[in-house]
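Here are a few friendly notes to read beside the model.

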Amino acid sequence: MDPLTIGFAVVALLGAKATEEFGTQAGSAAWQAVHRLGELVRSRVSPDGVRAVDAVATDDTPHPLDGLAEEVATIVATDAGFKDAVEKMVRNAEQDRRLANIVAVARDHAKQINQSGTIGTINM
């Protein structure tokens, strides 16, 4: 996956749509996987990124989705170990059919941005 796709997939999985999908299933494998992904991302992003992760995960508005996706993409592009870990977590999340659609939407959004070259407000 390219860095921007990974960035959007991370944001989508951490976002409210992912938590709504299995929010009542705390402790399930899918919930634990997204929780681990959030912890990994929080450990690497800037303080603004940490606030964005928290805002996305708690559905606080406005969502700083584009900035967080860009920050994750930048780290992924420069750190192969982080890229491998995050990409593996995203691919594992895709194995859960409740999360596969969320990742697919993020992939489509990243393709549109890669084609147009612009990032605007992201609504998921």
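Predicted model: local features only at pLDDT ≥ 70, side-chain atom pairs only at ≥ 80, totals over all residues.

1. How close do the axes of helix H5 and helix H6 come, and at what angle do they cross? The axes of H5 (residues 65-78) and H6 (residues 80-94) come within 5 Å and cross at roughly 120°.

2. Residues are numbered from 1 along each chain as its sequence is written, and side-chain values use heavy atoms, with hydrogens and water left out.

3. On the H5 side, the contact (heavy atoms within 4.5 Å) is made by Val72, Ile75, Val76 and Thr78, and on the H6 side by Ala80, Phe82 and Lys83. Sorted by class, that contact has 5 nonpolar, 1 polar and 1 charged residues.

4. Buried residues (under 20% relative accessible area, 1.4 Å probe, protein chains only) in H5 are Leu65, Leu68, Ala69, Glu71, Val72, Ala73, Ile75 and Val76. Of these, Val72, Ile75 and Val76 also take part in the contact with H6.

5. Seen as a whole, the chain has 7 helices and 0 strands (DSSP runs, of at least four residues for helices and at least two for strands). Of its 124 residues, 42% are buried. Among contacts with a separation of 6 or more, 71% join residues 24 or more positions apart.

Terms used: Axes fitted to C-alpha atoms, helices over the stretch in contact; angles between N-to-C directions. Nonpolar A, V, L, I, M, F, W, Y, C, P; charged D, E, K, R; others polar. Buried < 20%, exposed > 50% of the residue type's maximum accessible area, 1.4 Å probe, protein only.
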